Amino acid sequence: MASHIVGYPRMGPKRELKFALESFWDGKSSAEDLEKVATDLRASIWKQMATTGIKYIPSNTFSYYDQVLDTTAMLGAVPDRYSWTGGEINLSTYFSMARGNATVPAMEMTKWFDTNYHFIVPELGPNTKFSYSSHKAINEYKEAKALGIDTVPVLVGPVSYLLLSKPAKGVEKSFSLLSLLSSILPVYKEVIAELKAAGASWIQFDEPTLVKDLDSHQLAAFSSAYTELESALSGLNVLVETYFADVPAESYKTLTSLSSVTAYGFDLERGTKTLDLVRSGFPAGKYLFAGVVDGRNIWADDLAASLITLQSLEAVVGKDKLVVSTSCSLMHTAVDLVNETKLDEEIKSWLAFAAQKVVEVNALAKALAGQKDEAYFAANAAAQSSRRSSPRVTNAEVQKAATALKGSDHRRATNVSARLDAQQKKLNLPILPTTTIGSFPQTVELRRVRREYKAKKISEEEYTNAIKEEISKVVKIQEELDIDVLVHGEPERNDMVEYFGEQLSGFAFTANGWVQSYGSRCVKPPIIYGDVSRPNPMTVFWSKTAQSMTARPMKGMLTGPVTILNWSFVRNDQPRFETCYQIALAIKKEVEDLEAGGIQVIQIDEAALREGLPLRKAEHAFYLDWAVHSFRITNCGVQDTTQIHTHMCYSNFNDIIQSIINMDADVITIENSRSDEKLLSVFREGVVYGAGIGPGVYDIHSPRIPSMEEIADRVNKMLAVLDTNILWVNPDCGLKTRKYTEVKPALANMVEAAKLIRKQLASTK
């Protein structure tokens, strides 16, 4: 009876790690205090799995920030700018790499595959020196062992580590990162030797890049890496874990012929084609870790269906070689359903968070071993059936409206340059207009007001007055800074998706369904369980209120349909695009109400458009087609003089630039500063972009305040590739996580930089 969990959430059921980290960063608690919270969390996770009956329990999946950064620390691959002098990497160096410090910026952060998690990208080059510099994996293994729990230490595999890295600044872009394989493997060998000496019998290498489109050179790296590690690994059982998609046939062949590997982990939830590969041939005597329980969603597993899949696999790989597992780490789902006391009981019966998924994995393993818990399986079957037949899930009117969309392309009537001319006549903006992305700092006081209103401790009138006061303050600040296009600061919003979901039908919300996004930052995705519609206007009152406080244009702020979809836990009983079209129709009504209310600039954020991109190129076109179409549906009905903005963050846009153009927004603002202006290279390569564009001029994810000169320098770099009349000047993203003491001087420098360059442009004319 064998069960396995790929990984587990780190933040704790009530975000204990988040609060401990932030307290430590603010200097309010010591490293020992932080370590104590971490130790207690790890112990409780291991004990919970052991008590449930899980056989293969992971260790080293905990992290203070990110598992790839932990690997960078293990390898001693610290970029020079952090002035690290060797020895064991301490928290100060570690957090400087993650978050930057007073003198140097952080390392780049980017999407972990197609999830909402972000990892810290290693910066490597021919001169990077590697040395074993963080003993975290061995320390955590020993820590669990001291509790009487024998774990499977998890390492980011050497090949995926290199494939997820980037050439450091000053290194040729064409530098082959895989050429460093022979330099990092000696460190891996040291780690393996220590784990073996400490008594580990299994080791797990996460090699998720195996699900991507790899060329023969990249596949050969897997063969050479694991051949090179073979003698170090002898005597250990080795699991290579993949997740998030099918493993392509060629990669499957490479992987299953690695002689040093004992076991293969596959995501059978998103990787249904992998099932066919396994059925048509699996190496004799090897273990299959079958990822049947979805690690990326919150729906209870259909246990009966999973059991049938597992039984069919048992016939292929043998009873004693099949291990029941999760499709990927459970860090991409919420922690524990037990903490949801306010959730509707019927909906709750359809769900399983990480703690419940551990129980599901174990129940499936027991059932396979002939110890099926009949009552547990029966309750699961009843919940599955209630979800299928619930009238709350289906709304015939919405279904009909979404079906009717199929025939049209939903484009605005005039082209973008004509629209921009019409808008400029009405808005009369200077060249290089300045704006911000939407949110302003969310102070402790503001959060208190929202919390008290939610708990009915203050009246609606008191709440409305408090929010109006905050909006008025934000408007004044922007006017004093002389920003051209204003925002209301979003003081009434807890989150850019949750705020809308709470006002749309078909959504449910959790109290503690937090999921880590990066570092200590967590998000609480809504649950889309049924057809989506918009009963009432959602933002019109606040946008009109804000516009009435200023003569300058005030942006209406909406979250786009693709982002609402990609940042929610989405129903799995219909295709994602159908749900997306339903959301698009709801947002379309809101856009039209804002326009009717006198709002002339409406921003529809599609921060997450890029991250929904499937991992394989063959599937890109279909996704981009419906995603971009959904965006156009929201605003195809507005007048030429209404300016539609969109915003995108953390992305590598170069491969989807045509789709971005196809969105046909009037102005797009894009996160740019932390990815080293990779974005601008697209325009250097001759892509013609005729709409307004505002690549972020400074990084809001870091507390540092950029100087006026630094921002002016960035703007000038942009002007080298973009037309003066289409360039906007703005920060990377919303400002809600920053403090006013950081925001005011940064924005003042930004406006000053824009004015300086306007002057210079005027004098050269």
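I looked up Lys253 and Glu250, whose side chains meet in a salt bridge at 3.4 Å, N to O. By salt bridge I mean a side-chain nitrogen of Lys or Arg within 4 Å of a carboxyl oxygen of Asp or Glu. The model is predicted, so local features need pLDDT of at least 70, side-chain atom pairs count only at pLDDT 80 or more, and totals for chains, interfaces and linings use all residues. I number residues from 1 along each chain as its sequence is written, and side-chain values use heavy atoms, with hydrogens and water left out.

Both Lys253 and Glu250 sit in helix H10 (residues 249-256), 3 residues apart, about one turn of the helix. Helices (H or I, at least four residues) and strands (E, at least two) are DSSP runs, numbered from the N terminus. I find Lys253 exposed at 54% relative accessible area and Glu250 partly exposed at 48%. Buried means under 20% relative accessible area, exposed over 50%, partly exposed in between (1.4 Å probe, protein chains only).

Next I checked Asp344 and Arg392, a salt bridge with the closest N and O atoms 3.1 Å apart. This pair links distant parts of the chain, 48 residues apart. Asp344 is partly exposed at 31%, and Arg392 is partly exposed at 33%.

Then I turned to Arg412 and Asp666, a salt bridge at 2.7 Å between the closest N and O atoms. The pair ties together parts 254 residues apart in sequence. Arg412 is buried at 7% relative accessibility, and Asp666 is buried at 0%.

I count 42 salt bridges in the structure.
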